[in-house]
There are 2 protein chains.
Amino acid sequence: MLAGPPASSGGAPVGEVVACCPPFAVQPLTVEQAGGIAPMFKALADPVRLRLFSMIASVPEACVCDLTEGFEVSGPTISHHLRVLREAGLVESERRGTWVYYWTRPDAVRALSDLLRPGGAADR
Amino acid sequence: MLAGPPASSGGAPVGEVVACCPPFAVQPLTVEQAGGIAPMFKALADPVRLRLFSMIASVPEACVCDLTEGFEVSGPTISHHLRVLREAGLVESERRGTWVYYWTRPDAVRALSDLLRPGGAADR
DNA sequence: CGCCACCTTTGACATCTGTCAAGATAGAGC
DNA sequence: GCTCTATCTTGACAGATGTCAAAGGTGGCG
């Protein structure tokens, strides 16, 4: 299902929150849905994480060694942010030899994109 | 420029951050772009705000008096969250007589939706 | 004018978050 | 086994965030 490597890095309690809800232009979220989805937006709510995610999403997979360049924060901080993205279900990772690679979970991204899609009462 | 009611409630320093960038499946964000967009995701990162926003987005406009129902937080807290959404550029508001109405800014929502749209290297 | 309902602002407080330094873990290669 | 590199974990701390109680407008209505 993924372009990238096989599933891995089990550890996130994310399961399958992924397929979710109609666009909220169509129907409001329930309490449970909002509670499940907010963490994904929260994961994208930090500028460093947002940029990290965009770097990962723009290539089939990204090595941490390439991600750390171009940031002014320390290695541990990058690692922390990658963990947040992983635990939110937005990316997955795998160690291959010396390096660790990250790639996006397209289904999760699509779920968010669908939520924001226009087409309801308020969007023309 | 907006489908909704006339502009109002000036106060947010949001200007026109709205039209922005290619989907990050296509191209990573710059530091500046990430800094401009992260606040929008941050505004959606809280379950209460996310639900408030979905309630506003699912109708042409929403009265605060209707929004406060169905939440377990106090009135001031709802007001605070609405302000965050407004200052992030996601909604606008206007007082009409006794009541205050909120509606979404479709252009802002579309900007986020476009960012998340699949179609790049990592998606499929 | 006086009162009340609606909504926001202010002030305070506990919790969460981003960051770094220091230490730990995992592989590669000698 | 030892060492070196790459990455993650832990611990600590300043600053941001969500929440409420109390107080402050704003407008309708008698």
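What span should the 13 residues of helix 4 of chain B have at 1.5 Å a residue, and how far apart are its end C-alpha atoms? In this predicted model, local features need pLDDT of at least 70 and side-chain atom pairs count only at pLDDT 80 or more, whereas totals for chains, interfaces and linings use all residues. Residues are numbered from 1 along each chain as its sequence is written, and chains are lettered from A, with ligands numbered from 1, in the order in which they are written.

Helix 4 of chain B comprises residues 75-87 and should span 18 Å, the expected span being 1.5 Å times one less than the number of residues; its end C-alpha atoms are 18 Å apart, in agreement with that value. Helices (H or I, at least four residues) and strands (E, at least two) are DSSP runs numbered from the N terminus. Within helix 4 of chain B, His81(B), Leu82(B) and Leu85(B) are buried, that is, 20 or more other C-beta atoms, placed from the backbone, lie within 10 Å of their own. Viewed down the helix axis, the buried residues of helix 4 of chain B fall within an arc of 100° and so line one face of the helix, the arc being that of the directions from the axis to the C-beta atoms. Just after helix 4 of chain B, Gly89(B) adopts a positive phi of about 85°.

Between the chains, 43 residues of chain B are in contact with 42 residues of chain A, contact requiring C-beta atoms, placed from the backbone, within 7 Å. Helix 1, helix 2, strand 3 and helix 5 (106-116) of chain B each give two or more residues to the side that touches chain A.

Definitions and conventions:
Buried ≥ 20, exposed ≤ 12 C-beta atoms within 10 Å, placed from the backbone. Contact = placed C-beta atoms within 7 Å.
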